Amino acid sequence: MRAHRYGLRTTGALCALVVAAVVAGCGSSSSSSAPGVTATSITFGTHQPLTGPAAPGYSEIAPASQAFFDYLNAQGGIYGRKIHLIIKNDEYNPTQTVSVVHELVLKDNVFGIFEGLGTPTHTKVVGFLNSSKVPDMFVASGCPCWDKGSTQPYTFGWQPNYTIEGKILGQYIKQHFAGKKVGVFYQDDDFGNGGLAGIEDEVPASQIVSKQPYQSGTTNVAPQISAIKAAGAEVLVDFTVPIYTALGQLTSFTLGYKPQLVVSSVGIDPTTVGGLLKTYSKGKAGTELIEGAITDGYLPSVAETSNPWIALFKRIKDQYDPGAPLDGNVEYGMATAYTLAQALELAGKSLTREKLVEAVNEKGAELSGPGLVPFRYSKTEHGGYGGAEIGQVRAGKIVLFGGPLLTEPTAGSPITPYTKAQPSPPSSGVSVP
Amino acid sequence: MSLPRSTLARSLGLVLGAAAVLLIASEALGAYDDLQLADGSYYYMVLAGLTVLTGLSGQISLGHGALMAVGAYTVALLIGDEHWALVPALAAAVAVSAIVGVLVGAAASRLRGPYLAGATLAFAIGLPSLAEKYSGTFGGANGLVIEPPAVPSFLGAGFPLERWEAWIAGVGVLAVVFAVNNLVRSGVGRSLRAVRDDEIAASLCGLHVGRVQTLAFVVSAACAGLGGGMLAVVLQLAAPGAFELGLSLSLLTAIVLGGLGSQLGAIWGAAVLVLLPTWTNDIARSFSLSNQVSANLPLAIYGVVLIAAMLAWPSGIQGALRRIAGLARRSWLGSRELDSHSTSGSGGVTHEST
């Protein structure tokens, strides 16, 4: 009798294991020789912070890319292939990024990953994507860690490397705020550290009086801002995502601290930061807290409505993504989508993963489009835009001035002006060299 | 048909059976499903331990996510910085989390009900933030990255990494199945049940209530440490974002939803933890809503499923299955008994009394 009962229980346990295993296997697991690409379509996947600390502003990026692809698809796509984008939410949480990228590659069989967003997030999947030989196009982050073409042949950056941004901002500080005490408030990861390295390369060490990191996810930055204030910094440099730019400025305001603000392009979009300031202060504050801030840009400012690229993006946004504002994030999403479409055009009609990578390696540096400066792409160098133009928040809008500057992330390399004019967008599709 | 009477032999049989099932499953599944199998495996390890704690010894813990973090960071530091081999690193994860379990368990055995829940909750919130406080050692929010486990060369060059990870996690499952199955049927298991059912009666029988409860906490902490260490191996990452309060809460939800106090319930709970988020995401996406809505919808669906499941099956999936099986058996035995009554009149109903 006892044995009989235990027999039943053991059988039950094994049955449960079988069922669990079979249920786990319910997903599709088909594999084809060229994943994610057919004669009429090509599918990319992306991981984005649709919720969580980085969501404000950044959650607009992938839908804007999608809108640009919809615009191209309506014209017949690239070589007759319509571009699809599967957007997955990773909440800016590295652990989630690992899960969703595995799902995109192994279950959804995407052709490649496109504009995966964030430094702490995307660094966790670069190894997997490269060992699986999956194109990892145009990471939405300026971490210097995407530049290594020789060890990570499938990963490409897109926006300027944070050290390049830091150097260009640092040079401006050196020239225009000479001798003033500088405090740096930065995210404690490769994003903040990369930017800080660029600042330190240009600004004399004696001038930097305080360096205060914050952890992504924290809700109180008063200790950092107080420390920077206590050190007597007259210039505050932010390497922050928009939510921490807003938190930092609100904290400064509460402490009665009014330094000259310098913010990297990552954390300054006035629509996003202004909106956050408004929400947090219950309508009492807005863009006036970032008015006068020095920043940089590698795409034309969205305030320049006469720029043909901005006009094009506005037209596409109004038709395919009407709920979104025309801000820096939407511009970013469309501009990246334009570069991907160019790369697909260059890769040719018989598309493979290797051909896409080769196309960017060989011709990527000649690509032109909405960017103010050229890309740095080569076989060994996978970093994106090679520079930026200085800008300032004036009347709640970014105004770029002084002309685009080019440099390399290596310490001590010179900063030189770039004078070639930006081309106009083609009347339809994309144009490639 | 009848199984051996000794607990050890029975556990070994169970382990061999489970090994065969896991092996066949991992071979039959594709790469992504192998990965989900590995995910489910490390969740099972934690849930099996939590079942011992909550189901057997009657204590509640909202802090097991933090114990997983202890295991994960131990493995990540030992493999990443000290270049330990996989097995000793996992053993160390079990040992370190067991030690943490002694400390937390000793405090926990003095607390009851909401105070115990509160203390373990504080542990769940506090411990992962140490990773951010000491970001030099623990890598802050960025976390610690380790290399993927190397697939042994004798398995061939084309052997998928995901299947190898599923195998590693599978071995961990077998170890936990064996250990917990033995423990439940041992004197220790009986002491745990005695303490759970009546602390005064148990202490009159000579049991040291606090010590027994601490032991339960240590066992479940060791399982959570192994699960966390395995998580680090499968994801190649230990980062505080993996061990937020939500994890501890969903672990507790999973054992309740799976069926409290039953080892099979832990398996169902693990399946729920792995599959439910995927399903809710797919459902949310199938509505073709705006991104802002569909990004938040999975959590809402998750909540609705939980409420519905608890209303429909208050004893969890395992309880519901047992009831269905009971009904089926009763009707089958009942009809057979009617047959046998008409011929010999033997009473087969005693099979039912459990």
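B:Val102 counts as partly exposed because 14 C-beta neighbours lie inside 10 Å; a residue is buried if 20 or more other C-beta atoms lie within 10 Å of its own, exposed if 12 or fewer, and partly exposed in between, with C-beta atoms placed from the backbone. The structure is a predicted model, in which local features need pLDDT of at least 70 and side-chain atom pairs count only at pLDDT 80 or more, whereas totals for chains, interfaces and linings use all residues. Residues are numbered from 1 along each chain as its sequence is written, and chains are lettered from A and ligands numbered from 1 in the order in which they are written.

B:Val102 belongs to helix α4 (residues 86-108) of chain B; helices (H or I, at least four residues) and strands (E, at least two) are DSSP runs, numbered from the N terminus. Beyond residues up to four places away in sequence, B:Val102 touches B:Thr214 and B:Val218, contact being taken as C-beta atoms, placed from the backbone, that lie within 7 Å.

The model scores ipTM 0.81 and pTM 0.85. Chain B has a mean pLDDT of 87, with 92% of its residues at 70 or more; pLDDT is the predictor's confidence in each residue, from 0 to 100. Over residues 343-354 of chain B pLDDT stays under 50, and the model has nine contacts beyond four places in sequence for this stretch. Where pLDDT is low, the predicted coordinates should not be read in detail.

Chain A is assigned domain 1 (41-160 + 302-386) and domain 2 (162-297), with bounds that come from an automatic or database domain assignment. The C-alpha centres of domain 1 and domain 2 of chain A are 27 Å apart. Their contact takes 19 residues from domain 1 of chain A and 18 residues from domain 2 of chain A. On the side of domain 1 of chain A that touches domain 2 of chain A, α2 (55-58), α5 (119-122) and α13 (328-347) of chain A each supply at least two residues. The residues of this side of domain 1 of chain A comprise 10 nonpolar, eight polar and one charged; Ala, Val, Leu, Ile, Met, Phe, Trp, Tyr, Cys and Pro count as nonpolar, Asp, Glu, Lys and Arg as charged, and the others, Gly among them, as polar.

Chain A contains an open sheet of four strands with parallel pairing, in the order β2-β1-β3-β4; strands pair if DSSP finds at least two bridges between them. β2 (82-89) and β4 (136-137) of chain A stand at the edges with a single partner strand each, so one side of each has no neighbour in the sheet. Strand β1 (residues 41-48) of chain A runs parallel to β2(A) and is joined to it by eight bridges, and A:His47 has A:Lys88 in β2(A) as its bridge partner. Helix α3 (residues 61-74) of chain A packs on the sheet and touches β1 and β2 of chain A, its direction making about 165° with that of β2(A); axes are lines fitted to C-alpha atoms, for helices over the stretch in contact, and angles run from 0 to 180 degrees between N-to-C directions. Six of the eight residues of β2(A) are buried, so this strand is largely enclosed by the rest of the structure.

Two loop residues of chain A have positive phi. A:Tyr92, in the loop between β2 and α4 (94-107) of chain A, has phi near 60° and counts as buried because 26 C-beta neighbours lie inside 10 Å. A:Glu115, in the loop between β3 (112-114) and α5 of chain A, has phi near 40° and is buried, with 28 other C-beta atoms within 10 Å. Most residues other than glycine have a negative phi.

Between the chains, α4(A) and helix α2 (residues 31-56) of chain B pack at about 145°, with their axes 8 Å apart. A:His102, A:Glu103, A:Leu106 and A:Lys107 in α4(A) meet B:Ala31, B:Tyr32 and B:Leu35 in α2(B). The residues of this contact divide into four nonpolar, one polar and two charged.

Strand β10 (residues 387-394) of chain A pairs antiparallel with strand β9 (residues 294-297) of chain A over four bridges, and A:Gly297 stands opposite A:Glu389 in β10(A). Four bridges also link β10(A) in the antiparallel sense to strand β11 (residues 397-400) of chain A. In the hairpin of β10(A) and β11(A), two residues lie between the strands and A:Ala395 takes a positive phi near 50°.

Notes
Contact = placed C-beta atoms within 7 Å.
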